[in-house]
Amino acid sequence: MSLLDFDIAHLFAGGLVLVSFMMIYQDRLYALLNVFALHSIVLAFSVGWQAYIQDAPHLYITTAIAIVFKGIIIPVALHRIIQRLGIHREIETVIGIGPTMVLGIGFVALSLAVMLRVTAEADRLAREDVALALSVVLLGLLMMVTRRNAVSQVVGFMSTENGLILAATGAKGMPFVVEISVAFSVLVAFVVIGIFLFRIRERFDTVDVQALDRFRGTQE
Amino acid sequence: MSATLVLWCVGVLLAAAAIGTATARLAAAGPIVYGTSLVASVLALGGAVDGLLGPAPPSSATLPLGLPWLGAHFRVDALAAFFLIVVNLGSAAASLYGLGYGRHESAPHRVLPFFPVFLAGMNLVVLADDAFTFLLSWEFMSLSSWALVMAHHRVGENVRAAYVYLIMASFGTLCLLLAFALLAGVDGAYGFEAMRAHHAGPVTAALVLTFALLGAGSKAGLVPLHVWLPLAHPAAPSHVSALMSGVMTKVAVYGFIRIVLDLLGAPEWGWSMVVLALGGITSVLGVLYALMQHDLKRLLAYHTVENIGIIFIGLGLAMAFQANQVTWAAALALTAALFHVLNHSLFKSLLFFGSGAVLTATGERDMEHLGGLIHRMPLTAFAFLVGCVAISALPPLNGFVSEWLTFQAILQSPDLPQWGLKILIPGVGALLALSAALAAACFVKAFGVTFLGRPRSPAAANAREVDRFSLVAMFAFAALCLLAGILPGLVIDGLAPVVSGLVGDRMPVQLAVPWLSIVPIAEPRSSYNGLLIFLFITLSASLAVYAIHRFASRALRRAPPWDCGFPDPRPITQYTAGSFAQPIRRVFGTSVFLAREHVEMSPPGDRRPARLTVKLHDLVWETLYAPVAAAVDATAGRLNILQFQTIRRYLSLVVAVLVTLLLVLAIWL
Amino acid sequence: MHDLAVQGGQLLLVLLMAPLLTGFVRKVKARLLRRQGASIIQPYRDLARLLQKDVVLADNASWLFRLAPYLIFAATWVAAALVPTFATSLLFNWTADLIAIAALLGSVRFFLALAGLDVGTSFGGIGSSREMMIASLAEPAILMIVFTLALVAKSTQLSTISDVMLSAHVGLRISLGLVLVGLIIVAIAENARIPVDNPATHLELTMVHEAMILEYSGRHLAVIELAASLKLLLYVSLIACIFVPWGLVGAGAGLGAYLLGSAAWVVKLAVGGALLALFETLTAKMRVFRVPVFLGAALMLGLLGTLLLFVSRGL
């Protein structure tokens, strides 16, 4: 595979990490959904490029799923949910956006340090893919942990999913059935979370998890 | 030859101390003591320069003092010669400054006897060639500076500052004692020659390095052992503060370099990560603490912590490269660290002299009561400005050159094979850049609030320029800052014997580079020419002034400043030190100091003013020192019952211990 | 001799083109807002007018206040003369590398902040304290950007970096993209542009740069305004010479190549200015305490670029 192919794959994978950082940077919900749509589209491009250079046509279906479901349908649906629930549209963070970004950089450094050392004798493209994919997964988890708003935690979970798909496509030969099951599990999780959000909202008039904490049994 | 010369100067200093003790209450005592110290320091400086640049091999001397079978060994090799230059340059300037400043001293009998002893102690530490002499001189240095900190013991918090200083100094000496004991090994070879030859195993080396870091680091001011520094340095008289911040911390750095790089040999690369991380954290925390201060001398003391962090970053880089045998990069990093040692002693002493001048002229150390001093003390203001520009690492002065060299060393890190180093070093580089930017902010605040604006108190409004000796000392150091900035190649070549002695390689010869530029590695990679930058700026500024005054209107009139239609001549409406630091406090302080602001507004109709309260937490003190102090107190309280026992109980205690020892002997034999 | 002519030419050219760039940006902004806007050469007229006016100095302004404009101008001019605009073979390009140029701009900011504190009113204090807060993050950001570029080009000399970027084997690296975004963010912050600061405002809640120079008038203000225009030119040229280096003339080329290089540079300035004006029109100014997060993002981009370089080929 030529150097240009490698560079373009690297470009998309690095771009995915960059868009993860952009998601951490956002402080408004609609903007976060738009950036998540961008995240899925960049993932789609990356998977499409992998399909082209690995000569694996089934990955094109993964690309299509990524664009249609995660790039269009899910952001639009979340947009509707936010409108219907009337959720407060500013994202409250636990430790401030600046320190969150510093932690994010730390996670990226950690995943690079670990993955590059562990995969020292593997193929160069796979190494880089796996290291960056782990970074995306960790950044998605960071988003889930440092956000108070349930919708932004859902978005964090979705971006973690994207990272896993990046890792899977980087390792050559991901079977189609795995992708179908992954996609369906994502869909199911999303429906479940959506239902729960509605129930929570009905019951407690809010989806702020901090407020929900107050309703824990006998604690004050 | 230079060793004997410096030893004679030390003897003169001790004699001056004796004279000072005897005649302290006479008016002539001050000039005699300071004058003698000045002469002795200058002579020692000459000897040190000869030792560094001269062709002669390292000179040594042995005195029949101390332990009978050991004697006291002294040696001047390249490293010692360089640090002797730093020490004696600072001592000479402080003595010169003291000739003028000492006239206003309220308790000369507490300062004059100890000042020459302090200088002598510092010189002896650098001269020492065996562990016993080293530790004895180290204690000399600590105790005489402690006495100087206690000089104004009736003022405020000085007693507490001296107490904390004494505890930390004792802790440091204990750690160094253990380090030397481990280096000496089982046979107890205390001479440095023997320690160099003796190769330590990995566990011993790790322990020695830890103790050296704790011992020398506490004296230098590494976080988290820095807590005594901002208490003790401001408490001493100003020329002593300059010596403590500018010179004594460098003697601690000398101790670290001597033990780790010289006696121990190149440590493992893992330890360089520890030193790098500590250096990075120290530099950022030091400058953030400094930004929160409004006491001028405490700000300068905290800033010393930042610069020590920068020096340790350079030392950590040198250790990392040395462990990987990349000697040319290690030479670059070590040169950067040593250059910063020289630079910091120059500009920090200058700044302390300036703050001493402000203290003499106004009686105030608090910036919130100063202001407008640039009109009343123009010469001091100019010298202080040069110090501020130098310490903020701005070209063409000297602070920029050492930071530039450190950055160039950081840029060589991708060649290292270890992943930990490859990822840590850019992080440390980011921390270094952050601390440099914050340092500039800190000194805009220090100069701006103290010297610019309008006077905030009658003392500031009635200040007068200080005496000639202080001014000469300040201007001499300001000139040296400029010279080191525009002729850095001379300093780098001067450092070459030191660096090649420690890492076995040196930077390329700078005097061979055309136009007096400095080229750290190779011409196309990077180069810098301080002299030309200085000339360009001067020429452009002069050209601009000439062109404007020739072709534009030259009219000028004075008027009140713009006030939006609400003239308020009260100086309280201008920015204070706290308000200047507020944006930075909001950005960094909320996480580092848990800074919280609280505004209490009085209810409508009530004419009382609103109150703004800012709470800052010193997390290092609260998480490390306060629990330890509380634990010690609690344990002491429990053990206190031993004071109140009956005679029978004491006898039973003695019997119990005796029986236990006999049991142990019985089991062991 | 050749290089000396190039250096001298650049010195004069940056001085002449700086107000034109400022005027062009203002014109494009006005047109985007459906106004006619002042003419492109209005800044020259402004400078000439200011030079003829009296200086009105506050009662307690010191010698530092009067000297600062010239120092600021001198440092900015020296820095601008060392950034390759149409040719890389400047005579004195070895006197200062990218780190030194960034530090020279730091000195400019230092003296500007001191001048703001000099008169002792709260406007100056606001400007200086906010400026130093912005600087405390912008400077490390630009140093991390330099670090990344130096890792790619194995040098911190601007001419070497431009040569390496011109050569084929740089490839399409994500780190360079990150660095470009970071450099643009830093350039916006340093030049006091929307969304960090508004160059056209005089409301104390929104001023940073304008607050520091509020007390300046007459010839002093003219010199400072010229220095600010030079700084904008410097940053646009810097971004152009690193990321869009085509058209930069190497050593020993003919007169035709120099003319072509100059034309290319003018085109780059025009495009950069138009994009800046477009960006300023599309964005709103940020809250002051969102700016550190904005600049923190630039710092993170620089760090991320460095980290990602380790993953890429050839390192």
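How many of the 21 residues of H6(A) are buried?

## Helix H6 of chain A

In this predicted model, 16 of the 21 residues of H6(A) are buried, so the helix is largely enclosed by the rest of the structure. Helix H6 of chain A covers residues 150-170, and at 1.5 Å a residue it should span 30 Å; its end C-alpha atoms lie 31 Å apart, which agrees with that expectation.

## Contact between chain C and chain A

The contact draws on 19 residues from chain C and 23 residues from chain A, and the area buried between these two chains is about 2000 Å², with carbon and sulfur atoms giving 79% of that area. Between chain C and chain A there is 1 salt bridge, in which the side chains of C:Arg290 and A:Asp27 meet at 3.7 Å, N to O. The count of residue pairs in polar contact between the two chains, with both residues at pLDDT 80 or more, is likewise 1.

On the side of chain C that touches chain A, helix H7 (174-190) and helix H11 (291-311) of chain C each supply at least two residues, and H11(C) gives the most, with 11 residues. By class, this side of chain C has 14 nonpolar, 3 polar and 2 charged residues.

B:Asn529 is placed in the loop between helix H21 (488-503) and helix H22 (530-551) of chain B. With a relative accessible area of 0%, B:Asn529 counts as buried, because that value falls under the 20% cut-off.

The side chain of B:Asn529 makes a polar contact with the side chain of B:Ser517 at 2.9 Å, and the side chain of B:Asn529 also reaches the backbone nitrogen of B:Leu532 at 3.0 Å. When its neighbours within four places in sequence are left aside, B:Asn529 is in contact with B:Trp515, B:Leu516 and B:Ser517 of chain B, and with C:Trp94 and C:Thr95 of chain C.

## Helix H1 of chain B

Helix H1 of chain B, made up of the 22 residues 2-23, reaches 31 Å from its first C-alpha to its last, which is close to the 32 Å expected at 1.5 Å a residue. The buried residues of H1(B) are B:Ser2, B:Ala3, B:Val6, B:Leu7, B:Cys9, B:Val10, B:Leu13, B:Ala16, B:Ala17 and B:Gly20. An α-helix has 3.6 residues a turn, so residues three or four places apart point the same way.

The buried residues of H1(B) pack against several elements of chain B, namely helix H2 (29-53), helix H3 (78-101) and helix H5 (114-127), together with strand S1 (59-63) and strand S2 (72-76).

Notes:
Residues are numbered from 1 along each chain as its sequence is written. Chains are lettered from A and ligands numbered from 1 in the order in which they are written. This is a predicted model: local features need pLDDT of at least 70, side-chain atom pairs count only at pLDDT 80 or more; totals for chains, interfaces and linings use all residues. Side-chain values use heavy atoms; hydrogens and water are left out. Contact means heavy atoms within 4.5 Å. Buried area is the accessible area (1.4 Å probe) that two parts lose on being put together, summed over both. A salt bridge is a side-chain nitrogen of Lys or Arg within 4 Å of a carboxyl oxygen of Asp or Glu. A polar contact is a pair of N or O atoms within 3.5 Å; within protein, one must be able to donate a hydrogen and the other to accept it, and residues adjacent in sequence count only if both atoms are side-chain atoms. Helices (H or I, at least four residues) and strands (E, at least two) are DSSP runs, numbered from the N terminus. Ala, Val, Leu, Ile, Met, Phe, Trp, Tyr, Cys and Pro count as nonpolar, Asp, Glu, Lys and Arg as charged, and the others, Gly among them, as polar. The expected span of a helix is 1.5 Å times one less than its number of residues. Buried means under 20% relative accessible area, exposed over 50%, partly exposed in between (1.4 Å probe, protein chains only).
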